[in-house]
Amino acid sequence: MYTLTSIVGLLPDQISSANFLAYLDPGAGSMLLQVLIAGVFSSIFFAKSSLTYVRDALLAKKKKI
Amino acid sequence: MIGQRLSATSFRDPAGFMFVEGGVLYRQINKAYKPHYETLCESGLAEALFEDRLLIRHEVVGGPVYDLRAAHAVIRPELIDFISFPYEWSFSQLKDAALTTLAIERRALDRGMSLKDASAYNIQFQDGRPILIDTLSFEGYEEGRPWVAYRQFCQHFLAPLALMSLTDARLNQLCRTNLDGVPLDLAARLLPSKSKMRFGLLIHLHLHAMLQRSASGENPSKATPAANKKRFSRQALLGLIDSLESTIHRLDRKKGGMGWADYYQNNTYQSQSRDHKRTLVSQFIDEAGPSRVWDLGANVGDFSRIAADRGIFTVSFDIDAECVEANYNEMKRRNETKILPLILDLTNPSPASGWRNEERPAIFDRSRPDLIMALALIHHLVFTGNQPLENVADLFRSLAPWLIIEFVPEDDPQTIRLLAPLDGKHHEYSREHFEECFGRHYSIRHSVPIEGSGRVLYLMSRRDVP
């Protein structure tokens, strides 16, 4: 049986005073998932934003011409 | 506190609560929420969301106060015409509610705030559009912190939408028994394997469910140590919202339903008498002069629109989710603001549920109309729903003072179709018995045969109506 710590290798001494004040249980697994794939979300968002920026710039240039 | 009544529906969040005094609904904002409420107002977020009809408007009032010790302020929110719940919504209604929640989260992030909850019950349909009704759902955004409402969003919106899209459209009814949304492990089990081929569903449902199982019982703060916490940047949060949005956009409605959505297109018998029926319904509505109408068994809402087009708020109920879906899409296409299509099985209406059975009130306890329309419905209730006519008359009497009802005779083609499998074993059904049962509670103002059919349209008023 896998446990959370066996999957992601978190050690008790890494745990600090993270300040969670939510009145809802945000769910340990849900919080962990976001942290684990933060890089993926971040990269996809950066790529999408860059593409949109380039496309908008090109369209604006075309309009000027 | 004399004359005040605490709302049974808003106890979860310690930031504040709703209460009623003198028939007016107020929301008390507690001192603990003061900094967030001030940010909401001072950042311009509240005003921007009011302008775009994404957050229900409110005004700050000097009183009354329910709990003076805890109170920071009291506000009076704009009232919603009819409170509805996710299990009464069609696929597109739930999808629009989900996308509205994400659009609000994006706006909030632009102004340094974030949603601290993402409950489907916080979204209502007002003036034909989904709108957030919980003013206290916002909190100051803390850089590096994952989205605390992520789990709730996936349970309340993504899981039921994915199930309705990829498994069965009727699975929105799981929301009825799971008030905090569909558990992700259940959704993951019910979804077909092909759902894992979609990146968004793989991450937000399947992997999410797996990690929830593994992490159950652990403290959320332990699952995200400080070192990792710093890695969840604002850009990552925007990426998460973006990913949820595109995952939901890609979900399409699974066709199914009960086959009633094209009833009027395929039924030539109905089309002959349709114009006359429309004229009669219009005249009867004008005579009754209601301010709220419930159209029961509304199909795709053609007759509901006779009332709605007169500026009368009309809830357009049907048992068939496909009809409600078609009705909702038509409402959007026409930019209508006075019609609300909802799913309702009259033989098993949405019950009261949640804490003390008061948190989510039963559908008939949320509001009452002035006029009920029951067109081409009575034969279904008697022959398919096995309801004696006395029961139907008594239900309608309890709901509204005015009634427009269509009697469908025994020799009508639709009645014959319903009667065929019953072998004569059904409750008493005849025009005489119909008039006798309804006549106990109502005065029959008009009974007019619908041209080209054996059907009769009635306008009735309850005996207490002058």
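A residue counts as buried here if 20 or more other C-beta atoms lie within 10 Å of its own, and as exposed if 12 or fewer do. Keep that in mind, and keep in mind that this is a predicted model.

Let me start with chain A. Of its 65 residues, 25% are buried. Its secondary structure consists of three helices and zero strands, so from the N terminus the order reads α-α-α by the DSSP runs.

Strands in a sheet pair through backbone hydrogen bonds, in either a parallel or an antiparallel way. In chain B, seven strands make an open sheet with mixed pairing, and the order across it is β12-β11-β10-β13-β14-β16-β15. Which strands stand at the edges? They are β12, residues 339–343, and β15, residues 442–449, of chain B. Each has a single partner strand, so one side of each has no neighbour in the sheet. On average, and with direction ignored, neighbouring strands of the sheet are turned by 20 degrees against each other.

One pair from that sheet: β10, residues 292–296, and β11, residues 313–318, of chain B are parallel partners over five bridges. Within the pair, W294(B) sits opposite V315(B) of β11(B).

Next, what does α18(B) do with α16(B)? The axes of α16, residues 389–399, and α18, residues 431–439, both of chain B, come within 9 Å and cross at roughly 35 degrees. That crossing is right-handed. On the α16(B) side the contact is made by L389(B), E390(B) and A393(B), and on the α18(B) side by H433(B), F434(B), C437(B) and F438(B). Sorted by class, the contact has five nonpolar residues, one polar and one charged.

Last, two asparagines in loops of chain B. N357(B) is in the loop between β12 and β13 (371–374) of chain B. Its phi is near 55 degrees, a positive value in a residue other than glycine. Is N357(B) buried or exposed? N357(B) counts as exposed, because it has 12 C-beta neighbours inside 10 Å.

N386(B) is in the loop between α15 (378–383) and α16 of chain B. Though not a glycine, N386(B) has a positive phi of about 55 degrees. With 13 other C-beta atoms within 10 Å, N386(B) is partly exposed.

Technical notes. Residues numbered from 1 in each chain as written. Chains lettered and ligands numbered in written order. Predicted model: local features only at pLDDT ≥ 70, side-chain atom pairs only at ≥ 80, totals over all residues. Helix = DSSP H or I, 4+ residues; strand = E, 2+ residues; numbered from the N terminus. Axes fitted to C-alpha atoms, helices over the stretch in contact; angles between N-to-C directions. Left-handed = near helix turned anticlockwise from the far one by under 90°. Contact = placed C-beta atoms within 7 Å. Nonpolar A, V, L, I, M, F, W, Y, C, P; charged D, E, K, R; others polar. Pairing = 2+ DSSP bridges.
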